[in-house]
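Dear colleague,

Please read them alongside the sequence.

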Amino acid sequence: MTSPLAPLEVLPDEARASDGAWKAWIDGDWHDSRDRLELTDPADGSPIGRVAVAGPDELDAAVAAAVRAFGSGPWPRMSPQARGAALLRLADGLRRHTDELALLDTRCNGMLLREAVAMVKRCATTAEYAAGLPQRAYGQTIPVSGRYLDFTVREPVGVCALVLPWNGPLIQAVWKMAPAIALGNTVVIKPSELTPLSALALARLTEEAGIPPGVVNVVCGAGDVGAALVGHPHVDKVSFTGSTATGRRIMASAAERIARVTLELGGKSPTVFFDDVDMGEAVAGAVTALMRNCGQTCIAGSRILVQRPRYEEFVDRALAAIATLRVGPGLDPNAQIGPIVSAPQLDKVQGYVRSATEAGATVHGADRLLDEPLAGGNFMSPGLITGAGHELPVSQEEIFGPVGVVLPFDDEDEAVGIANDTSYGLAAGIWTRDGRRALRVTRRIRAGTVWVNTYGWNFTEAPMGGFKQSGLGRENGDSAITHYTELKNVVLDTRDDQPLDQFGLLR
């Protein structure tokens, strides 16, 4: 069994209460509360530690700190260059503490340590990119009657509630926080109750970077804390990544006061393989698209569509490939598939597997692993499902585990029809050597990101988000400027010899 986390430089002794629980970060200081949340390692069920759960008082204090920092603090009034410089210092801090931050996410989430390290490095480049956003938040000069000067300016939205998922804890925090604060907003972060530690560490690094107190606050807890934060009357903007069901509730809550909302929700992404593909590349692409982070990504290529002449060959080679994948703890350098994040999530994934079997489909692999040395952890073997219609739950609903369904198609029209036959529209992949067909299919598939002959590359510079029930708005790229600023129109009368008096009130 692994041991509880020892004190880390990035989470110092003062971050802990007398019982060892990690505190909340509010207004530039560590704050304790009454209740506790237990954290366990998904690789073996051993305790990692505890965190303080924010009650109403702590939540109000965090929002109040963000309100003060926005309304009277120096941060929104700093020059774009000064805010950008702070984000660059944050990027340096992320790089200095890469190993510690990666360990936090691996212990809480179960992801492979090398994946966690790669994510921390992407966090640093995200902060660097965000550093330039305030200098690109351009307005416009609008041609109007010569008497007037009409122009627009972009101003920060205000207090932003950032509600995070558990499958990419730190990178999701930075994707939201870095552009939000770079553009002059203040934030209250609520990480998942399963993976809160890297968000607390991130808050500490913002202090080291010289970001003033109250600009970044972090409160921990389960869904009730998130709901209270989203519904807080002084929150101006909500950014949420998670399930579509929770996104609907957040949207309804924000609608009560017309708070701005960005939602990055579920996906059931198709990967489409035409019969002209190189089969080795196709299988490698499909397995990578599906199995990254144990299938626990919103963009997982969990619907694999293969043109019928190559279908049997693809299935045989894909099954042979996944049979070689090594399952183990994220800290094991030889592991290729880590654990499911929690026992309830493992039960949910196994429930989908059972439902497919009951519906007459064939399940290959996808077994719960209970033998040593994996006993005690949330492990399952990777799997594929064949013989399932695309109307079944395993073909329509987000599973969030290392199992996907393989579906045959006959022609381009049928492939597009199956790909679009879902309530989601987050991502898709197309494999073909025919460039014209790739462009045709790309235009016809309703998804926020479409990869061609590759999969899963989300560049910091490029927007990410979904069509249909996969969400609203976009993250990353310069689209963040739109979502974290308000557009103000300013009209100046440039003449003083003809004052405006349409109704003769001054005569």
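Eight aromatic pairs are counted when rings of Phe, Tyr and Trp (its six-membered ring) are paired if their centres lie within 6.5 Å, with planes under 30 degrees apart called stacked, over 60 edge-to-face and the rest tilted. Phe-273 and Phe-314 form a tilted pair, because their ring centres are 5.4 Å apart and their planes stand at 35°. This pair links distant parts of the chain, 41 residues apart, with Phe-273 in strand β12 (residues 270-273) and Phe-314 in helix α10 (residues 308-323); helices (H or I, at least four residues) and strands (E, at least two) are DSSP runs, numbered from the N terminus. Phe-273 is buried at 1% relative accessible area, and Phe-314 is buried with 1% relative accessibility, where buried means under 20%, exposed over 50% and partly exposed in between (1.4 Å probe, protein chains only).

The rings of Phe-274 and Phe-409 also have centres 5.4 Å apart, but their planes are at 80°, so this pair is edge-to-face. Phe-274 lies in the loop between β12 and α9 (279-291) and Phe-409 in strand β16 (residues 403-409), so the pair ties together parts 135 residues apart in sequence. Both Phe-274 and Phe-409 are buried.

One aromatic cluster is formed by Phe-273, Phe-314, Trp-431, Trp-451 and Tyr-455.

Charges also sit over rings (NZ of Lys or CZ of Arg within 6 Å of the ring centre and within 35 degrees of the ring normal): Arg-136 lies 4.9 Å from the ring centre of Tyr-129, over its face.

The model is predicted, so local features need pLDDT of at least 70 and side-chain atom pairs count only at pLDDT 80 or more, while totals for chains, interfaces and linings use all residues. Residues are numbered from 1 along each chain as its sequence is written, and side-chain values use heavy atoms, with hydrogens and water left out.

Best regards
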